[in-house]
Amino acid sequence: MALDQEKKTIDCFRNRLRNLIVVDQVLDNVGFLSKEQRELIRAKLQNEGNLKAVDLFLSEVINKNHPEGWFRELLNALEIAGCKQAANYIENKAPCPSLEAENDIYIRLIDLLHLTLVGMKTRDVCFSCFQRCILTKEDRQNILAVVEQHGEIAGARLLLSRLVKNELGWFSQFLEALEETGHGDLAKELRGDPLEDVGEESNDPQTVKKECEMTVETATTERMEENTEDYRSCRSLSPPLSLASGSSEASFLTTSDLGAGALDSSMDCSMDSQVSMDVSSKLAIEGTREKDIVLRDYQMEVARPALEGKNIIVCLPTGSGKTRVAVYITKRHLESRRRIGQPGKVVVLVNKIPLVEQHYRAEFGRFLKHQYSVERVSGDSQLKISFPKVVENNDIIICTAQILENSLAKAKKGDEDGVKLSQFTLMVIDECHHTQKGEAYNHIMIRYLSQKHKNNKLRKEQKPMMPLPQILGLTASPGVGGAKNQQKAEEHILKICANLDAITIKTKTIGEEAKSPYKRIASAQERKEDPFGDVIKGIMDDIHTHAELNPLCQPGTQNYEQWVVQKEQNAAKEDNQRVRVCAEHLRQYNEALHQSNTIRMSDAFKFLNKYYEEELRKKCNPDDEEPIQITKTERFLFSLFKAKKMRLEELMKEPKYENNALAALKALILKEFTTREKARGIIFTQTRLSAIALSQWIQENPKFEDVGVKASHLIGGGDQSVVKPMTSAEQKNVLNKFREGEINLLIATTVAEEGLDVAECNVVVRYCLVTNETAMIQARGRGRAEDSSYTVVEEAGSGVAERESVNEYRETMMSKAIAKVCTMRQEEYERKIKENQLQAILEERVKEKRKQQKGMVKENPSKVKLSCRHCGKHVCSGEDIEIIENMHHVNVTPAFRELFTVRENTTLQERLLDYEANGVIACKSCGQRWGSIMLHKSIECPCLHIKNFVVMYNSKKKVFSKWNELAIRFPHLCLFQLL
């Protein structure tokens, strides 16, 4: 589920909110949560306290769907409960950083002077605070009840824990309440004023300041730092202010030592909690910052050239500490720059959004944020800020490669909102084997190589050169790029080195440090009978006959998929609706055949049934106007499925007809989880559908539960599938549960093979899946625990085992190629690197020239005609099309609005900048989806997806996947014409 803006805001300020919400009082007024949800949260409150209960409450709010009006109801509930500050954050009305930092100081001060403050006259102070509206009526009743049952001190603890959850301004009101009730000394102590009845040594406010600074600095814990990480990414902290208006200029604390996490201590006390300075002492002992990074011998060996300022690739197996090496090199790099009085700036590039947060939390932020300013930026960043500003204000920036590439492109065009490579002194590229054609990494490195080439010319001309950053590449497997012999493998390794301008690729045989898991192939017998598949093939044969198609390959294969896609595209161009529609349906049956060979027959049937239900729904006009046209071919296809539906349902209930690979997987899981004392595993599968289906199969089977299997799926976040993608928050939640043991078996697509911080596994399975040698090495590397196993499950005759053997051969070739490149004569190595780099620069120039020539086409858009891909009906001319944000193609003409109907968008809604996607637009005649309704600056604009149309251009009919494939420039949308 994609987070809407309100939920994003709540998630962004989560660490603040967990310390500002009194969950018991809020629950009384949140009707949008079910009774079961509220009871679960109250049980958590009773058993584990307010913090844990608030965590659960926020998770329920963020991750679940709620009825309309839930957000206003939540705000009202918080205000009624006296949590106005929490309501402000949720409404995105956070105070300015300086006020926020000052409030943190007040809260920490209350904490530090807790032992003194609990000696107050609780009843009197409570009444005075209630009159000043910093306690609610319910607060007052609860505090007085605690005083009656447990005494004044327990009541004072509850009073203090409630005060700090108030809106800004509570501190001055509390001071007045103390003075009014005869606690002037307490108020003075909180202000930092000299006390009249103490010795000379304590009369100096600076003494108080120093003591508090020492206490807070020693109490700065790793836990506090981790809890503030999310928040610090959204807001910057200003220098500390004085404690209250009119107080002395001396401030007690430095804001760098404070944050949301500072609230996690005694200020969330329940009435029976005990807080003392002993706690602070304990925090001081346990909370020391991370010690200096200590590398193992093999890590230091591979890092050595980089420590000398040279460009290298570090190639170490998964789990052997590549990223830790990069952190160490980063630290030493910044230290060396500082020693010579020159600024240093490091950018850490990753190729997946979740890796940005992972590298910040687990490595760079963890070890370096106490010395250097570390920031992370990705498409998931909660608060959008200027990337150049982030670069300017920080020493270490962790970001996705695409964000840097976009900013470099802006700078090249002269845009102020861009950055240059010369601003960085070190560039770390994670998973650097992706530095190949088409990848964002490669675009960045082409810019680097082009500038290096220019610098060589400038050097000869004795002109100033543009500085370039040092390059550090990280990979577990550079692969061989599909090479079939040793020479091609060496050429591939050299090309990767050239692309990264590396002087060498450093690797190491780690021995005991990287034990390979025990490997085996579990080959299941081929099915003797497959009546379910036979029925599907029979349906496909009937469709072949109806459409007069003669496939050249077997259904259920990848080759068949490619053949039928080509038939659909050709038929669309030829206006042959009979063949086009049949080809579209054949693709679904082919997918169902593939599913029945890897997962349950019931999953394949559900897939087909859902497809036909949605197709029939398309034929129902929601406006109850003219009925949507159903062609003879469509009637034939609907009738064909309906006639065979019952038979398919009968067969899917027969376990004896299930595929044998599934039985082999079941036996393997039961064996691993029965024989191991503590099993933790991951199963890799090909598609999102199969990952979800396998997870459900395991969860529904009691035999797996009996041996302690707790399964969940993990899939990617891209939206290019019929399956709803996982958000980064959902991925993170699953991985956290896996790390903590709530889940001990992940069923994942290839998203988990590379990069993501998956906890150590002792069981790794690749289920009916083989890709390339790089993916094999990455997946196998997940089995890092002692006595790990790596199993490939296949059905005999599928070719999976053979392709696995090919990957093993390629892995051997890769190791030999790396060794050969590392021992190559320096002159020869440099010559080949230079040749590869010049070739890459030349290819890029040719590509850019072609792109410019393509962009120079200034054909009149009216030469383009769009027709419905399904029914062939004319839709519009190119002159009716305009663009938004240089990418979204819309048609806002009144005539076009008469041609479509709007349906509910069943896919994930997406909120972007100042526009958002709402309903789906579909052809009134046939129900074919055309695109979506986009809300742009509060105006509904029908947005067209070119893949749903046949395009007539220069008297030729064509089909396109993306708008940028069509060499026509459309004008930008003019909002004035809509008014």
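1. In this note, a residue is called buried when its relative accessible area is under 20%, exposed when it is over 50%, and partly exposed in between, with a 1.4 Å probe and protein chains only. By that scale C871 is partly exposed, with a relative accessible area of 25%, whereas C133 is exposed, at 61%.

2. The model is predicted, so that local features need pLDDT of at least 70 and side-chain atom pairs count only at pLDDT 80 or more, while totals for chains, interfaces and linings use all residues. Residues are numbered from 1 along each chain as its sequence is written, and side-chain values use heavy atoms, with hydrogens and water left out.

3. On the overall make-up, the chain has 37 helices and 24 strands, where helices (H or I, at least four residues) and strands (E, at least two) are DSSP runs numbered from the N terminus. Of the 979 residues in the chain, 52% are buried. A contact here means heavy atoms within 4.5 Å; among the contacts between residues at least 6 apart in sequence, 71% join residues at least 24 apart.

4. On the cysteines, a disulfide is taken as a pair of cysteine sulfur atoms within 2.5 Å, and by this rule the count comes to zero. C871 is accordingly in no disulfide, and the nearest cysteine sulfur, that of C926, is 3.7 Å away.

5. Strand β2, residues 346-350, is mostly covered, with five of its five residues buried. In general, the side chains of a regular strand alternate between the two faces of the sheet.

6. The partners of β2 deserve a separate point, with two strands counted as paired if DSSP finds at least two bridges between them. Five bridges join β2 to strand β4 (residues 396-400), and these two run parallel; within that pairing, V350 has T400 of β4 as its bridge partner. Four bridges join β2 to strand β5 (residues 426-429), again with the two strands running parallel, and here V348 stands opposite V428.

7. Strand β21, residues 929-936, has six of its eight residues buried, so it is largely enclosed by the rest of the structure. Six bridges join β21 to strand β22 (residues 939-944), and the two run antiparallel. The bridge partner of H936 is I939 in β22. Two residues lie between the strands of this hairpin, and K937 takes a positive phi near 50 degrees.

8. A further four strands form an open sheet in the order β15-β14-β23-β24, with antiparallel pairing. At its edges stand β15 (874-877) and β24 (956-958), each with a single partner strand, so one side of each is left without a neighbour in the sheet. Neighbouring strands of this sheet are turned by 25 degrees against each other on average, direction ignored; the axes behind that value are lines fitted to C-alpha atoms (for helices over the stretch in contact), with angles running from 0 to 180 degrees between N-to-C directions. Three bridges join strand β23 (residues 949-953) to β24, the two running antiparallel, and Y953 stands opposite K956 of β24.

9. For the aromatic residues, rings of Phe, Tyr and Trp (its six-membered ring) are paired if their centres lie within 6.5 Å, and planes under 30 degrees apart count as stacked, over 60 as edge-to-face and the rest as tilted. By this rule the count comes to 15 aromatic pairs. One of them joins W170 and F171 edge-to-face, at 5.6 Å centre to centre with 90 degrees between the planes; W170 is buried, with a relative accessible area of 1%, and F171 is buried as well, at 2%. W963 and F970 also form an edge-to-face pair, at 5.7 Å centre to centre and 85 degrees between the planes, with W963 buried at 12% and F970 buried at 8%. Elsewhere, Y589, Y611, Y612, F638 and F641 form one aromatic cluster.

10. Finally, a charge is said to sit over a ring if NZ of Lys or CZ of Arg is within 6 Å of the ring centre and within 35 degrees of the ring normal. The charged end of R140 sits over the ring of F130, 5.1 Å from its centre, and R680 lies over the face of F738, at 5.3 Å from the ring centre.
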